[in-house]
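Thanks for coming. I will take one structure today, starting with the whole chain and ending at a few single residues.

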Amino acid sequence: MTIAFDHSYARDLPGTYLRVAPDPAPAPRLLVLNRPLAAALGLELTDDQARDWFSGAALPPGADPIAQAYAGHQFGGFSPQLGDGRAHLLGEVVTPEGRFDLQLKGSGRTPFSRGGDGKAAVGPMLREYLISEFMAAAGVPTTRSLAVVATGEEVWRETKLPGAVLARVAASHLRVGTFQFFAARSDQARVKALADYAIARHYPELAEVETPYLALLDAVIARQARLIAEWMGLGFIHGVMNTDNMAISGETIDYGPCGFMEGYAPGTVFSSIDHQGRYAYANQPLILGWNLARLAETLVPLLDPVQEKAIEIANDRLTGIAPRYRTEWVAVMRRKLGLLDQDPADAQLADDLMAAMPGADWTLTFRRLADETALRPLFDDFTKMAEWLPRWRARAGEGVAQRLDAANPAVIPRNHKVEEALAAATDGDMAPFHALLAAIQEPFTEAEPYMLPAPTGFGQYVTFCGT
Ligand code: AMP
Ligand code: MG
């Protein structure tokens, strides 16, 4: 078969990328292929094609690999030049559901690599595969993972590790940082071209409105506020919410040192380099606003010819982010609590649950709300819950147990299970990975060994950026 690639990004946005080919993997071995996703993209691949095309061992016919330029605020500090330092966009696949980027990650150095080796290790690429596929199964907007291929090369991190390439599928790879790259160079023509491209690709209904760039800002705010509310609902901690890791499409992107909170603790951080807790669980909604302010800055010249007026317009929108996020969060909580309609008191009900929950397992608490016997052991101190539960029961009404089961995953990629699977895969045994993948792909179905929190000996979970 061949892949009917299109290349709208390369065609429409000259000067925003560099043409560069992936490194050929010396001894590629297919570790996992997402057949349902391949089918949805209209790809009927043999295993050998997947192995060769998604490792860089061979270029699929019609591919035109490029590395995209972008900048970004990393932990608050601005880097004017990041870009795809270890990724190659092969092209876009157009399906009835839309246009999707097909990108290789870990596929070799590019002119954006700076000091990096352009490579990736098996563990982190399988981690992205697992977590992104869980997010998709849980109904959260996300980039998808099509395949992971071991390259047969060794990469050097803290130690020597087997190398791998991830084939990633995304609505696009436009980031807040893509706009920042050109805004920082005062290249207004390219910021406008990017905005026009983003509208055409992700928000075509805005093309004809009177103020399309303001509408674009509003639309990104809306999708991102919803996305972060969904993350919070799952206990997801992205770990590196830099502006280069925030997608204009509203998808979750770039799974690095991420993880899921077990016991509810708002300050939870997993990333070894996040000493200040900038990207802690409870800080994510604030970072949402901070990052979107950086996007708004790039769009200011497009909002009004009079700069002061443009800034006023942008500020007005930025002030609206916190209340909008709050509305989205309450909506997520209503769903998680099995509430069928809206009541102004729901926000307080959700807040009071948060006040009662510290320490209790985030995932299992929601799953077991209707079963007090199973719920109690999750809490060291049940006093506040004992007061809260009757209020919730009265509000939730009949049939709530089923609604809880449909809204709250039983299985999440628990950190100790992810580590177990990745350690085994690094040693050449893919069986635990496939078993875990099967469980997280059906997250609303109970699967005993994958539901329990980490054993006490697992200790504080730390994830590393050296991915
Ligand atoms: P990330 O932290 O993965 O979002 O990446 C931030 C920036 O570092 C991006 O520009 C990446 O392309 C680049 N980068 C990360 N790892 C590597 C690597 N091993 N080699 C080259 N560039 C890298
Ligand atoms: Mg990134």
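First, the ground rules. This is a predicted model, in which local features need pLDDT of at least 70 and side-chain atom pairs count only at pLDDT 80 or more, while totals for chains, interfaces and linings use all residues. Residues are numbered from 1 along each chain as its sequence is written, chains are lettered from A and ligands numbered from 1 in the order in which they are written, and side-chain values use heavy atoms, with hydrogens and water left out.

Now the chain as a whole. It has 17 helices and 12 strands; these are DSSP runs, H or I of at least four residues for helices and E of at least two for strands, numbered from the N terminus. The C-alpha atoms fill a box of roughly 60 × 60 × 40 Å along the principal axes.

Buried residues make up 58% of the 467, where buried means under 20% relative accessible area, exposed over 50%, and partly exposed in between, with a 1.4 Å probe and protein chains only. Among contacts between residues at least 6 apart in sequence, 69% join residues at least 24 apart; a contact is heavy atoms within 4.5 Å.

On charge, there are 42 positive and 56 negative side chains, with the centres of the two sets 2 Å apart. Lys and Arg count as positive, Asp and Glu as negative, and His and the chain ends are not counted. Each charge is placed at NZ of Lys, CZ of Arg, CG of Asp or CD of Glu.

Next, the metal. Which protein atoms are donors of the magnesium ion, ligand 2? They are OD1 of Asn245 and OD of Asp254, lying 1.9 to 2.2 Å from the ion. Donors here are N, O and S atoms within 2.8 Å of the metal (3.2 Å for Na, K and Ca), and water is not among the atoms, so sites may look incomplete. Both residues are buried, Asn245 with a relative accessible area of 11% and Asp254 with 13%.

Asp254 sits in the loop between β11 (236–237) and β12 (259–260). Its phi is positive, about 65 degrees, although Asp254 is not a glycine. Most residues other than glycine have a negative phi.

Phe75 is another such case, with phi near 50 degrees. Phe75 is in the loop between β5 (72–74) and β6 (77–79), and at 28% relative accessibility it counts as partly exposed.

Ala69 is in the loop between β4 (66–68) and β5, at 3% relative accessibility. Leaving out residues up to four places away in sequence, Ala69 touches several residues, including Thr16, Tyr17, Phe112 and Phe182. Its C-alpha is 25 Å from that of Trp156, 87 residues apart along the chain.

Val191 lies in helix α6, residues 188–202, and has a relative accessible area of 0%. Beyond its neighbours within four places, Val191 is in contact with Phe179, Phe182, Ala183, Thr298 and Leu302.
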